[in-house]
Amino acid sequence: MSKPHGQPTPEEIKEKQDLDDALDEGLEETFPGSDPVNVTQPAPSRQDGHVKRSD
């Protein structure tokens with residue numbers, strides 16, 4: 001049988017904290033995840049006249 005719901009054990013608290021820390025680190029490493037990817041390339045500017053681009 002499972003144990004009744006009560007106070008979490010110190011091991012459970014540490015495991016949850018470790019998981020939370022790992023999640024926070026993963027989110028920081030992928031920030032900003034909400035920025036859209038630019039799928040189009042803007043037209044060349046006047047300063048880009050010397051740069052050759054392929055379509």
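These legends walk through several close-up views of one predicted model.

The model is predicted, so local features need pLDDT of at least 70 and side-chain atom pairs count only at pLDDT 80 or more, while totals for chains, interfaces and linings use all residues. Residues are numbered from 1 along each chain as its sequence is written, and side-chain values use heavy atoms, with hydrogens and water left out.

View 1. Helices (H or I, at least four residues) and strands (E, at least two) are DSSP runs, numbered from the N terminus. Buried residues make up 0% of the 55 residues here; buried means under 20% relative accessible area, exposed means over 50%, and partly exposed lies in between (1.4 Å probe, protein chains only). The accessible surface comes to about 5900 Å², and 56% of that belongs to carbon and sulfur atoms. Accessible areas come from the Shrake-Rupley method with a 1.4 Å probe, and for residues only the protein chains shown count as cover.

**View 2. Helix α1 lies largely in the open, because 0 of its 20 residues are buried.** Its end C-alpha atoms are 28 Å apart, which agrees with the 28 Å that its 20 residues should span at 1.5 Å a residue. The expected span is 1.5 Å times one less than the number of residues.

**View 3. K14 and D18 form a salt bridge.** A salt bridge is a side-chain nitrogen of Lys or Arg within 4 Å of a carboxyl oxygen of Asp or Glu, and the count by this rule is 2. In this pair, the closest N and O atoms are 3.2 Å apart. K14 and D18 sit 4 residues apart in helix α1 (residues 10–29), so about one helical turn separates them. K14 is exposed at 51% relative accessibility, whereas D18 is partly exposed at 38%.

**View 4. D20 and K16 form a salt bridge.** Here the closest N and O atoms are 3.1 Å apart. Both residues belong to helix α1, 4 residues apart, which is about one turn of the helix. D20 is partly exposed, with a relative accessible area of 30%.
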